[in-house]
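Biologist: I'd like to learn how to read charged pairs in a model. Can we walk through some together?

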Amino acid sequence: QVQLVESGGGLVQAGGSLRLSCAASGRTSLGYTFSEYRMGWFRQAAGKDREFVAAISRAGVSQWLADSVKGRFTISRDNAKNTVYLQMNSLKPEDTARYYCEATTALGSPQYAEYEYWGQGTQVTVSS
């Protein structure tokens, strides 16, 4: 079983920065390890649908970002540490949401892939 634990959320003023981390542990019954998963970040604001934020390929070569965060957020991963990061700069009040780290072995568009594992999330609140 794969466990994902997010951290790094908090309260920040508009224009500020936060760095979210997602630490993975365990492996699946098929023997998959962290480096074999494409990793994604999603968020869900109160009363709204889950929204794709960013994703990164297994080796970290390719990244995908939602239009709403391009130029402000970056995603990276360290497979030696089984960790994926989301650096969030120039935060806006509309970035307020609970952020979830998710893992998938599926290929194709990371926005619409079926993610197999996810964490409990970390809350990000941006004040104006």
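Biologist: Is Glu 51 buried, exposed or partly exposed?

Modeller: Keep in mind that this is a predicted model. Under 20% relative accessible area is buried and over 50% is exposed, with partly exposed in between. Glu 51 comes out at 32%, so it counts as partly exposed.

Biologist: And which side chain does Glu 51 meet in a salt bridge?

Modeller: That's Arg 43, with 2.8 Å from N to O. Arg 43 has 5% relative accessibility, so it falls in the buried class.

Biologist: How many salt bridges are there in the structure?

Modeller: There are 5. One of them joins Arg 50 to Glu 102, with their closest N and O atoms 2.7 Å apart. Arg 50 sits in the loop between strands E4 and E5, while Glu 102 belongs to strand E9, so this pair ties together parts 52 residues apart in sequence.

Biologist: What about burial for those two?

Modeller: Arg 50 is partly exposed at 43% relative accessibility, whereas Glu 102 is buried at 5%.

Biologist: Which residue forms a salt bridge with Asp 95?

Modeller: Arg 72 does, and the closest N and O atoms are 2.7 Å apart. Asp 95 is in the loop between E8 and E9, and Arg 72 is in the loop between E6 and E7, so the pair ties together parts 23 residues apart in sequence. Asp 95 is buried at 1% relative accessibility, and Arg 72 is buried at 10%.

Biologist: Which residues are linked in a network of salt bridges?

Modeller: Arg 72 and Asp 95 are linked with Arg 43 and Glu 51 in one.

Note on methods:
Residues numbered from 1 in each chain as written. Predicted model: local features only at pLDDT ≥ 70, side-chain atom pairs only at ≥ 80, totals over all residues. Heavy atoms only, no water. Salt bridge = Lys/Arg side-chain N within 4 Å of Asp/Glu carboxyl O. Buried < 20%, exposed > 50% of the residue type's maximum accessible area, 1.4 Å probe, protein only. Helix = DSSP H or I, 4+ residues; strand = E, 2+ residues; numbered from the N terminus.
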